[in-house]
Amino acid sequence: YHVRGYPLVEHMRARAAEGELGELRVVHGRYVCDDALLVAEGWRLVPESSGPTYVTADLGAHWLDLAEHVSGARVAEVLTDFRTFVPGRALEDHAAVLLRFDGGAVGSATFSAAVAGRKNQLLFELEGSLGGFTWDQEAPDVLVHRHAEAPTEVVVKDPLSNTGRAAELARYPAGHGEGYGDAFRWILRDAYLAMAGKPHGPFPTFADGQRGMQVLAAALRSAREGGWVSV
């Protein structure tokens, strides 16, 4: 759940919690890559090493945790469609997911490892009655904040102006890129501080991991049995 460590993810979470977007209505996006487009085999594609799902667990777990973390809502029900486009594979290389959240919002997501030219695009969009957010992990220092009654705003990572703990999660000044490794850094820092009994910020716990497994289990059951499944 390293995605929680990006400054602009924290900015989105804090602004959404403050009511900046109004009533939460839609959460949507995708996590796509080309890992399995031309590669015929590998541990991720084998149930004995990867488990009963490939892209939904390997990619979707990140996106689904991000959706709950930023929105503050919990996934209540899922409807999933697993596809295996390469013959002979035991696990899905593409998944389409519909979501219902506990507060009444709905959502949709695509998880795929067969998208040409995409390396790790985690695209996240949040829609409310007053505005929306668009954020892409492939460009983590830029956030598009769309307003219902004002011009669209491009928000850059800036510890002097971002909201919530975003400034604390920014290691460098505005204009200096931060990315994947830096997101891990802050999560691990807070975890180590907690282990040492020192003041620390929030970080993903085993309870969050269990929560993620519950969502994945519901998605897997829906793909196998059909229909909506409660988490």
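## T134 and its strand

T134 sits in strand β6, which covers residues 131-136; strands here are DSSP runs of E with at least two residues, helices are runs of H or I with at least four, and both are numbered from the N terminus. This is a predicted model, where local features need pLDDT of at least 70 and side-chain atom pairs count only at pLDDT 80 or more, while totals for chains, interfaces and linings use all residues. Residues are numbered from 1 along each chain as its sequence is written, and side-chain values use heavy atoms, with hydrogens and water left out.

T134 counts as buried because its relative accessible area is 17% (buried is under 20%, exposed over 50%, partly exposed in between, with a 1.4 Å probe and protein chains only).

## Who T134 meets

The T134 side chain makes polar contacts with two side chains: E125 at 2.6 Å and R146 at 3.1 Å. A polar contact is a pair of N or O atoms within 3.5 Å; within protein, one must be able to donate a hydrogen and the other to accept it, and residues adjacent in sequence count only if both atoms are side-chain atoms.

Leaving out residues up to four places away in sequence, T134 also touches L123, F124, L143 and V144, among others (contact means heavy atoms within 4.5 Å).

## Over to D58

D58 belongs to helix α3, residues 55-58. With 24% relative accessibility, D58 is partly exposed. L193 is 135 residues from D58 in sequence, and their C-alpha atoms are 28 Å apart in space.
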